[in-house]
Amino acid sequence: MTSLPAQPSKKKLGLVVDLDICVGCHACSVNCKEWNTGGHSAPLTDQDAYGANPIGVWFNRVHSYEIVQDTGKSWTVNFPKSCLHCEDAPCVPVCPTGASYKRSEDGIVLINGDYCIGCKLCSWACPYGAREFDEDAGIMKKCTLCIDKIYNENLEPQYRVPSCVSTCPAGARSFGDLGDENSDVSKLVKARGGYDLMPEQGTKPTNKYLPPRPRNAENDANGQQAKLDSVDTSGANVIARWVDKVLSR
Amino acid sequence: MTGFFALGEEKADTSPKVSDEVKTTTCYMCACRCGIRVHLRDGKVRYIEGNPDHPVNKGILCAKGSAGIMQVNSPSRLRKPLLRTGERGSGEFKEIEWEEALSLATEWLGDIRKTDPKKLAFFTGRDQSQSLTGWWAKQFGTMNFAAHGGFCSVNMAAAGLYTIGGSFWEFGEPDWDLTKYFMMFGVAEDHDSNPIKAGIGRLKTRGDAKFVSINPVRTGYSAVADEWVGVRPGTDGLFVFALLHELLKAEKIDFDYLVRYTNAHWLVIDDEGAADHGLFARDKDGNPLCYDGKTKALGDASSADVSPVLAGEYTLEDGRKAVPAFNLMAARYMDEAYNPDTVAATIGIEPATIRRIAAELAEAAFDKEIVLDVEWTDWAGRKQDKMIGRPVAMHAMRGISAHSNGFHTCRGIHLLQMILGTIDVPGGFRHKPPFPRPCPPGPKPAGHTIAPNQPIDGMPLGFPTEPADLLVNKDGSPKRVDKAYSWEFPLSSHGMMHMAIHNAWKGDPYHVDVLFMYMANMSWNSTMNTSGTIKYLTDKNEDGEYKIPKIIYSDAYHSEMVNYSDLILPDTTYLERWDCISLLDRPISSAHGPADSIRQPVIKPDRDVRPFQEVLLDLGVRLGLPGIANEDGTAKYPGGYPDYIANHERMPGVGPLAGWRGIDGDQHGKGDANPKQLEKYIENGCFWSEAFTPEQSYYKHANQSYLNKAHAMGWIPNNKPIVMQIYSEIMQKFRLAAEGHGDIQPPERDRQRVKEYFDPLPMWYAPLEDETLDKKEYPLHALTQRPMHMYHSWGSQNAWLRQITAQNRMFMHSSKAEELNLVDDDWIWVTSHHGKVRCQVKTVEGVNPDTIWTWNAIGKKRGNWGLDKDAPESNKGFLLNHVISELLPAKGEKHRYSNSDPVTGQAAWFDLRVRVDKCTEAEAAENVTWPLFDVTPPLPNMAPSPKTVRYGEDFKSEEHSGKSGGTHMEWVGNRHENATSGTGVRDGYRNSLKEEDK
């Protein structure tokens, strides 16, 4: 059994993912993979890489769903998912060795690979399926929030953000301190109705999702669709109106 | 919960060493050409990220670009030149030295050049060096050259360049930041992938614009659109004409824009049967005429002082009648044939939807007019105190392009843009330099005469404007092997690569001696009729010689095309080479200003491979090609490709790169060659860009300051305004020839076809396959799309990308699946008039119910691309190409036209009609695709692909850096748009704040 920090950290670093504009391109997944395969939890092993069942370690995966309403109307939602760095992270207390831990200074949930015995209790405990077992190394791995990038003194300050964030083509990802209600990411979450994933699990996730916004309505308040008024039902009559129309260049 | 262990908190190293150095270059994981920063450690690639300073991607990088590490380490990389030892297709080769390979190629090519240079057919794929490869073909003396545009986007390019002087992809972009209504036609993960994603993200985050996607399939961009209009494939043109019908009848027309910037007011001669019927009436100096409503007389339509009228019938000096082009156009689309009630069922949507979208377009264009307080001067020297914008932007690509009615449909979209006054205005569609250019730009296609040891008299690809420009013999037969610029496909300005192998095999119009290809998987996913093409490549004459006697191929990877080639010249990967992305070819400019870029080698090849462009120049020296070899036989560019990039001049002062020209490197656009030019590019992040002034930024077709600049830069031949073509006189010239006028007329077989399809106004006709097929027998449309995370066939060798998609399925609407008694993963036969393929089904909601679709280029041949013989790509994944014929269905007569657009020769991939049948239990039990091919053997000395990849384990530092760590940065995606839409977020850009908001 491993302890969570006695007091929740004041600083809660996390991600905000905008489902309104995520086009499901997988850029975040792959850029994460290339940074992290040489990073804190390196490597993010790929097994049967060129074979019948290629399967590897990914810290961030994108799922695309079709949602169908009773009316038959449907839409597609692209949903990137990674560790949510929960305040009450269920993956930590179940760890028998102390490998799985939550940083007291910024709330990032990490795994110390040196202590991990590969028992997988943490992945059973995580309701989001956000942990990734490296069969080859025999240990659990997970999103580090790019711990070795966001504070890295060897990088210029502008690059000190998680790789999934800086690479996102649509601008659908934001990063910051969600423990500070005055931070821009907190304001964004508030203004856009950002929500917790599966709040009923009581995990208090740090990461937030911004819901798809209502699409521009097709009908007016009376349920009518707009249309243009023709100036005349006959095309010939419409053209006749233009014979006297003198224009200037 | 409290625990027992609290020892876990490691001191995670937050500042480990990342790299020894960072080098910039240009991505090549697709055609988007983003700037990248490559972190290198111990000579290996540690990390690739977008370059924030780069004008294309501004720091972002897609899944493909982020997977570059697995591309440059792919086990399928070729290692050394190869010579075929077994039968073609057997996959048996031996390694040879470069000297032997180049000598052999020189011998084969030299024999042709000495006798009949057109017997070389030189075709390249998605490379970005066509200004070099086309020039090489010219210097060699063959007109049989093209790149892949003929089967990709020539309908978009030709329709745009003949109509508005620019085009969608790569020559224009929506005004993402100002548009209020964005319509996207037929775009999946097509070109310009990162700028489109970024643009959509910003546009939607602003929250004040509507985004409508017209596409039979709802994935990716369409999934985040405000409205998805799931039209039946190939009916977009009808939809556009119905919108025009509504707008015209309601007089929602930007009349001023039309008379100022288009030929709407030009008078068209109405004299049925005359040799000039349908051409523009002109004065004795050749100026087009219009009717001046003030003087009540004919006037010079191009004069700034004329007061045009757009409707009526007028009498010319010779007594004949003439009508304004606009009148002809309006009469056509106001006809009841284009009433939404008439066409909606064919399109597969409700008439009310068409009417509403027309109303929304009108509202956005005319009620939400944008006025920018920017002074500018028009082409006539008149000062304007503001820039008016009609904020409707449109973008269209492959879904329009890949139909046999795509040229006219694309012209129809441009017509819609013109009516609304939205081309190159604030909030509209914006040209990227060097466009706009005259409609069409010069020059004409070259290669009318071919002579031994002689270059042809110009570049092989160009833009015909009259029948005399066609490359046809006296009897009207084609001069080019692909039949481009023939009466069958007169405006095929990107060539017709998809027909080259078929025609060379058949000897129609003639056989070739050598087929030389680069980076084009023409025996597999880049060809129609894959099995047939394999037969063409392996078929022999009675004497035992192959019908296509010699095939030279350059590729970096063990693609399927390698199997069917005789001599393989192994290319490098994109991180091991020089390249230039040139204004002479396919530049990286944006609407904000011109730009070009280079690739520099950032890692060294660990194989005996050479960049193709180096090899091409080397061959040019060996063959003694003028401009590449000096008269004494030495190399004109002894430093190879980088030497050529910096020092070659196509015209005086104009070379491959526009930046830092002149001996001192202080000239941009035109200037002498600068020997230190590449160093300047590297210093600047491997690109050059320049920003237009605000006054040059819009109305570029008629903006004096812009036109002067464009002329000075060498982009346009003079600074005259670019007049957009509502009515195409060029089309009418070809139609007149078909009607029996002039010396050069189509052969009888093609006469009716040319007459029908060379309509000077945009027209709609059902996709050509539909004409002959029984729609009850083939009730469904079948399409492909490219997944956002993959591109071409390269994606499947990529250990990371193939984990996202290793098998494609056939997507089908749930209602159709129910009708056919199908559930997910059932095996089905997809049958066309041409053939059949076996695959698995996946039901979805977001697709037009009469359409099925799948991901393109996932299917592989067993044993290629470094993949295991049991890989899902080859055993369950499939190519739809098997059921697409390169020829139209036979209609009784002997001749079968290519399955292409009759105007441009664009391959009509998406005209495909099929039926679906459930496989029998026995068939399904086989649990594999059909056709299933033999396993390709490994190439000599090619190491087996690794089972487990642990890339990056070497980069993990054992020792803690000891550094305590820097400060992280808060980052808000689309910060500016989030700030201005009232979220309370501070304004700025990503992780930097605007000064006043700090």
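**View 1. Helix 5 meets helix 14 in chain B.** B:Asn155, B:Met156, B:Ala158, B:Ala159, B:Gly160 and B:Thr163 of helix 5 of chain B touch B:Gly406, B:Phe407, B:Cys410, B:Arg411 and B:His414 of helix 14 of chain B. Contact requires C-beta atoms, placed from the backbone, within 7 Å. Helices (H or I, at least four residues) and strands (E, at least two) are DSSP runs, numbered from the N terminus. By class, this contact has five nonpolar, five polar and one charged residues. Ala, Val, Leu, Ile, Met, Phe, Trp, Tyr, Cys and Pro count as nonpolar, Asp, Glu, Lys and Arg as charged, and the others, Gly among them, as polar. The model is predicted: local features need pLDDT of at least 70, side-chain atom pairs count only at pLDDT 80 or more, and totals for chains, interfaces and linings use all residues. Residues are numbered from 1 along each chain as its sequence is written, while chains are lettered from A and ligands numbered from 1 in the order in which they are written.

**View 2. The axes of helix 5 and helix 14 of chain B cross.** Helix 5 spans residues 154–163 and helix 14 spans residues 406–419. Their axes come within 8 Å and cross at roughly 45°. Helix 5 of chain B is therefore oblique to helix 14 of chain B. Axes are lines fitted to C-alpha atoms, for helices over the stretch in contact, and angles run from 0 to 180 degrees between N-to-C directions. Under 35 degrees counts as roughly parallel, over 145 as roughly antiparallel, 65 to 115 as roughly perpendicular and the rest as oblique.

**View 3. An open sheet of four strands in chain B.** The strand order is 11-10-9-21, with parallel pairing. Strand 11 (227–229) and strand 21 (392–396) stand at the edges with a single partner strand each, so one side of each lacks a neighbour in the sheet. Strand 10 (residues 210–214) pairs with strand 11 over three bridges. Pairing needs at least two bridges found by DSSP. B:Ser213 has B:Trp228 as its bridge partner.

**View 4. Chain A touches chain B.** The contact takes 101 residues from chain A and 126 residues from chain B. Helix 1 (residues 27–36) of chain A gives the most to the chain A side, with seven residues. That side divides into 45 nonpolar, 34 polar and 22 charged residues.

**View 5. A strand pair joins chain A and chain B.** Strand 2 (residues 46–47) of chain A and strand 35 (residues 948–949) of chain B pair in the antiparallel sense over two bridges. A:Asp46 has B:Val949 as its bridge partner.

Notes. Contact = placed C-beta atoms within 7 Å.
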